[in-house]
Amino acid sequence: MQRWQGRVAVVTGASSGIGAAIAKGLVKQGMKVVGIARRVERVEALKEELKGSPGTLYSYKADVSKEDEVTAAFRWIKDNLGGVDVLINNAGIVGKSTLHDGPVSAWRAVLDLNVLGLSMCTKEALKSMEERGVDDGHIIHISSINGHGVPQHSLEYGLMMYTATKNAVQALTEGLRRELVQRKSKIRVSTICPGMVKTEIMVAEGYKFPEKATIDQIYAGVPHLDSQDICDAATYILGTPPHVQIHDLIIKPVGEVF
């Protein structure tokens, strides 16, 4: 990871869970990290926690499903930090719904963020890298085990459209990789596909849990990963030699059945 010290990483959805863990981890590795989130006050709190670390965390408020906010964010990064070397596309939602009943608003929201938001951030990061002649940049998409088919829990938990978006992320990743080869670029692109991770996402999406149950109580007895596990995976991918490209890293907790 030494070659990344002092360089710029962008982490979307950095306010909690996996995004916050990765932002924190990269700052500790000496990177300048821009944490993009709608709940920017959480990134600010994390920034205070990281004072004295080898790197620096910058907070930027944006909804990455909106094109104008994405372009403004990357313009700010260019003006203030020079540009982007690493992009971690982490922002995403479950969009609980069914294919019979919708609601269509849930479909649209999950597609706009998980697919279009990811793609817009990728486009801006590539533009930044190519403008500056950065040929060793890296883009990591945080996908899901749901990106590898249609697991049964997609039906049980109303995740069909979410699953479709994660399959799309897998296709977009391979498509981008082939475009980069065609352009003779050495920019790398990888996906991380976790199984169940203990985060706030299921609570935020309105799934019913026992009243006043804590996150720890909700996940007790359920095989799961922690956000730090995904941070460790991202660090591993970034730490591989420039000639090595991790295409797709699937991580599941021991005992997970889907």
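User: Where does Ala14 lie, and why is Ala14 called buried?

Analyst: Ala14 sits in the loop that links β1 and α1. Helices (H or I, at least four residues) and strands (E, at least two) are DSSP runs, numbered from the N terminus. Buried means under 20% relative accessible area, exposed over 50%, and partly exposed in between (1.4 Å probe, protein chains only). Ala14 has 1% relative accessibility, so Ala14 counts as buried.

User: What is this model, and how are residues and atoms counted?

Analyst: The model is predicted: local features need pLDDT of at least 70 and side-chain atom pairs count only at pLDDT 80 or more, while totals for chains, interfaces and linings use all residues. Residues are numbered from 1 along each chain as its sequence is written, and side-chain values use heavy atoms, with hydrogens and water left out.

User: Which residues are in contact with Ala14, leaving aside neighbours within four places in sequence?

Analyst: Contact means heavy atoms within 4.5 Å. On that basis Ala14 touches Gly19, Ala20, Ala23, Gly35, Ile36, Ala37 and Val43. Ala14 and Ser227 are 213 residues apart in sequence, and their C-alpha atoms lie 12 Å apart in space.

User: Why are α1 and α9 called oblique?

Analyst: Axes are lines fitted to C-alpha atoms, for helices over the stretch in contact, and angles run from 0 to 180 degrees between N-to-C directions. Angles under 35 degrees count as roughly parallel, over 145 as roughly antiparallel, 65 to 115 as roughly perpendicular, and the rest as oblique. The axes of α1 (residues 17-28) and α9 (residues 227-239) cross at roughly 50° and come within 8 Å. The two helices are therefore oblique to each other. Their crossing is right-handed; that term applies if the near helix is turned clockwise from the far one by less than a right angle, and left-handed if anticlockwise.

User: What makes up the contact of α1 with α9 by class?

Analyst: In α1, the residues that meet α9 are Gly17, Ile18, Ala21, Ile22, Gly25 and Leu26. Ala, Val, Leu, Ile, Met, Phe, Trp, Tyr, Cys and Pro count as nonpolar, Asp, Glu, Lys and Arg as charged, and the others, Gly among them, as polar. The contact divides into eight nonpolar, four polar and no charged residues.

User: Why are α4 and α6 put in the class they have?

Analyst: The axes of α4 and α6 cross at roughly 20° and come within 9 Å. The angle falls under 35 degrees, and α4 and α6 are therefore roughly parallel to each other. The contact has 13 nonpolar residues, four polar and one charged.

User: How do you know which strands pair in the sheet, and which stand at its edges?

Analyst: Two strands pair if DSSP finds at least two bridges between them. Five bridges join β1 (residues 8-12) to β2 (residues 32-37), and four join β4 to β5. Seven strands make up the open sheet, in the order β3-β2-β1-β4-β5-β6-β7, with parallel pairing. β3 (56-61) and β7 (248-251) stand at the edges with a single partner strand each, so one side of each has no neighbour in the sheet.

User: What makes β5 count as mostly covered?

Analyst: Five of its five residues are buried. His138, Ile140 and Ile142 point one way from β5, whereas Ile139 and His141 point the other way. His141 stands opposite Asn89.
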